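User: I would like to go through the terms applied to this model and ask what stands behind each one. Please set the values against the definitions.

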Amino acid sequence: MTRYAARGVERLIRGSLAGIEPYEPIVPLEVLSERCGVPVDKLIKLDGNENPYGCSPRVRRALANYHFYHIYPDPLHREIIGPLEEYAGVSREHIVAGSGSDELIDLVLRLFLEPGDKVINCVPTFGMYPFSTSVCGGRTVTVPRSDTYEVDIKGVKSAIDKRTKVIFIASPNNPSGNATSQSNILKLVETGVVVVVDEAYYEFCGQTVAPLVPKYSNLVVLRSFSKWAGLGGLRAGYGIFSANIAELIRRIKMPYNVNAAAMIAVKESLADEDYLQTKVKAIVAERKRLSDKLKKQGVLSPLPSQANFILFRVVKGNAWKIKQELDSKGIFVRYFATPSLKNMLRISVGKPEHTDALIEALANYKGG
Ligand SMILES: *Cc1c(COP(=O)(O)O)cnc(C)c1O
């Protein structure tokens, strides 16, 4: 009887979702700790591009002292819109905040996709683009990046047809770490398709197309507080859109999409920008040190990066085995089972002592 019922209800599931692949999520600290037998506070987590310095101390203090958690948050997030427009350098009619930039990826696709519409994805890149495309009933069209992970502008243009609605460009790209030039982005904008430039790592790179958004109605820029401001656990991001698109995104979003804690955290982070920028600087300096030291060691060869992580090619041994070896020592790096990232590892930039621990762990690695 129950089997019948289950089969019955399965027939009602949207066809495009019946075989959907799950997004590969982060493994929680407690689970990692249990697997390798290293206590949580001794783990070296370099697999999620998280900020090793954590959030601003002002965030922690303000959250502890807040007295209105029983009141619904402001759907128009008025408390943070002023600081956001000042920080992003565009006026408020262009800005919508979200529960992480992940939510904004989903909202853009909800707004533009009819079932069967196409989204261009320049791989290897962030896994949320094809994931949200499937959830929204769209089809992902894959255009591989070059050997050096540059976007294939010609390839993207020739992949566009009348069903194409959106192109995603992460800049700097995750996991390759390289940015796409403004001139190349403008070549894509000229096609008239919606071009979403995901600037989750903007602060580590300094290059942005945000000021161009008011000029090009089909250009969208996404930003996040997860990486530079250390708020991954609270979920806060924002999108910069032409004013008409921003208004529609506001209408279709969940009213209370940015919760009270995230709103406080954003406000305090922006009020403490100088402090956070000193940590960004430390991470950028450590990026160079991590790159130089590992290069010298000769097990991993770094690719140039403008983000808070580096993609390494394994030159001695096997990426999966190195990952296993590091796992067992409580050091976590990101391995990809994708052909285009064969024998590579992505390592987030940590504190100097994390780099040192990694160097030491790899010192006796024989390869093979
Ligand atoms: C980490 C990451 C995000 C996620 O941002 P949230 O604000 O945490 O949702 C978005 N885009 C890229 C490319 C990322 O690597």
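User: How do the residues of the lining of the largest cavity divide by class?

Analyst: They divide into 6 nonpolar, 4 polar and 1 charged. Ala, Val, Leu, Ile, Met, Phe, Trp, Tyr, Cys and Pro count as nonpolar, Asp, Glu, Lys and Arg as charged, and the others, Gly among them, as polar. The lining includes Ile185, Val197 and Glu199. As for the source, this is a predicted model in which local features need pLDDT of at least 70 and side-chain atom pairs count only at pLDDT 80 or more, while totals for chains, interfaces and linings use all residues. Residues are numbered from 1 along each chain as its sequence is written, and side-chain values use heavy atoms, with hydrogens and water left out.

User: What makes a space a cavity rather than a pocket?

Analyst: On a 1 Å grid over the protein atoms alone, a cavity is a set of points where a 1.4 Å probe fits but cannot get out, whereas a pocket is an open set with protein on both sides within 12 Å along at least five of seven lines; lining residues have an atom within 4 Å of a point. A search of the whole structure finds 2 cavities of 30 Å³ or more. A volume here is the space filled by probe spheres set on the points, which are joined across faces, edges and corners.

User: Which residues line the second largest cavity, and which elements give two or more of them?

Analyst: Among the lining residues are Ile80, Leu84, Ala97, Phe225 and Tyr238. The elements are α4 (78–88), β2 (95–98) and β8 (237–240); helices (H or I, at least four residues) and strands (E, at least two) are DSSP runs numbered from the N terminus. By class, this lining has 8 nonpolar, 2 polar and no charged residues.

User: What lines the second largest pocket?

Analyst: This pocket, with about 630 Å³ of space, is lined by 26 residues, of which Leu29, Glu50, Asn51, Pro52 and Gly54 lie nearest its centre. Helix α3 gives the most, with 3 residues. The lining has 12 nonpolar, 8 polar and 6 charged residues.

User: Why is threonine 133 called buried, and glutamate 273 partly exposed?

Analyst: Buried means under 20% relative accessible area, exposed over 50%, and partly exposed in between (1.4 Å probe, protein chains only). Threonine 133 has 0%, so the residue is buried. Glutamate 273 has 27%, so that residue is partly exposed. Threonine 133 is in helix α6 (residues 128–135), while glutamate 273 is in helix α11 (residues 273–297).

User: What does the side chain of threonine 133 reach?

Analyst: It reaches the backbone oxygen of tyrosine 129 at 2.7 Å. A polar contact is a pair of N or O atoms within 3.5 Å; within protein, one must be able to donate a hydrogen and the other to accept it, and residues adjacent in sequence count only if both atoms are side-chain atoms.
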